[in-house]
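Open the model in your viewer and follow the stops below.

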Amino acid sequence: RIAAVDGKVNAFLHINAEEALAVAAEVDAIRAAGGAEAEALHFLAGVPIAVKDLIVTIGQPTTAGSKILEGWHSPYDATVVERLRAAKMPILGKTNLDEFAMGSSTEHSAYGPTRNPWDLDRIPGGSGGGSAAAVAAFEAPLALGTDTGGSIRQPGAVTGTVGVKPTYGSVSRYGAIAMASSLDQIGPVTRTVLDSALLHQVIGGHDPRDSTSLPDPLADLVAAAKTGSVEGLRIGIIKELHGEGYQAGVENRFNDALALLKDAGAEIVEVSCPNFQYALGAYYLIMPSEASSNLAKFDGVRYGLRVLPEEGPMTIERVMGATRAAGFGDEVKRRIILGTYALSAGYYDAYYGSAQKVRTLVQRDFEAAFAQADVLISPTAPTTAFPLGEKLDDPLAMYLNDVATIPANLAGVPGLSLPGGLADEDGLPVGIQLLAPAREDARLYRVGAVLE
Ligand code: GLN
């Protein structure tokens, strides 16, 4: 399937066919032999998976979608990858993304854009467009993504797939190349809610190598997805996250989802989160600030690319400058400049400090909302997939795509996007987002299974 369609979709940056086939053959042999070893096989043994190329893997390159890491191989596996291997899941390859996961369209990849399988002239969302497109185009049944401001959920919405951003700290970030460490989470990209629960069950749980990893045992997410009930649950519509600015077809499918939940026995209430209007602004200060610090390690010495200055003295600063000038793309440079500015002496309190205060207000909005509702609901993105190129030269228009997904990252709460049907105007997929309190990821699967 990859050979047949990926020339058009460009979901994969690297295909790991030989190793994946070897793992599949090993699982087949164990099954054929039967006995205790076959019994002990994991429930996802032999099910292939694609991995976003921000997550490090032994034996395959990891580029983060950037020229600066071209040809670099990690000497270690991310914890989530170790867990996939332990379950004997064949790793099909590494998927395309916006450079260092900065973007909402996968057009900022140094290796060319990924295309939306529903319409090849449209974006597959971002930054994890490769993982979402691979699943939507049936190139992989499962994929992993990372979500800092919506990069699992928004691509899920515009490609008609399911994407989950787990509670912050509930899936190890060890081996996910850091973009904004206080916001990043790894999570599943799949075709059904149950598939996401199965994959989440494999990758989740405590990891001593991630200092922000929660100590809690993982809840039974698979059971929650199989139960699928909203009887007696209060579902809260977030007043600020629909209506004006949202495409009519998106609103229509959102209303269908509400009607379905009501029919299934949920109580629909409305909640207000007045500080969400400042969330996007706060995110675009906090995220570039953390990224500017995290990306300082790409210095032309430790990883991948090294570019020497064409003339003049060969000092470390000049090698670093030449490497970073050639190795980073425009969006990454824009955010490094924004971030270093926001963190600089004299501006720190006004920008970074204020943004952190807004972050606390967003958390309080969630606390108040979850006192009135068990699960919150909104459209995942304001529009369906837009044409390639449409927002490439307008960073603000691109950033606005994340208006509904960013609050969850600022507060660390889990979110799930699932297909809500097709928009009337353009026949493209619409995503419905569910949000639950921190550590209550199981609720998302329980409600998601009803909506599917
Ligand atoms: N689109 C958002 C951004 O550009 C989110 C990215 C992400 O979640 N990695 O920052």
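A residue is buried if 20 or more other C-beta atoms lie within 10 Å of its own, exposed if 12 or fewer, and partly exposed in between, with C-beta atoms placed from the backbone. Colour the whole protein by this criterion: 56% of the 452 residues are buried. This is a predicted model, in which local features need pLDDT of at least 70 and side-chain atom pairs count only at pLDDT 80 or more, while totals for chains, interfaces and linings use all residues. Residues are numbered from 1 along each chain as its sequence is written.

Centre on Lys-52, in strand 2 (residues 49-52); strands are DSSP runs of E, at least two residues, and helices are runs of H or I, at least four, both numbered from the N terminus. Lys-52 has 31 other C-beta atoms within 10 Å and is therefore buried. Beyond its neighbours within four places in sequence, its contacts (C-beta atoms, placed from the backbone, within 7 Å) include Thr-95, Gly-128 and Thr-146.

Move to Ser-151, in the loop between strand 4 (142-147) and helix 6 (153-159). Ser-151 counts as buried because 37 C-beta neighbours lie inside 10 Å. Residues up to four places away aside, Ser-151 touches Ser-127 and Ala-101, among others.

How values were computed
Two residues are in contact if their C-beta atoms, placed from the backbone, lie within 7 Å.
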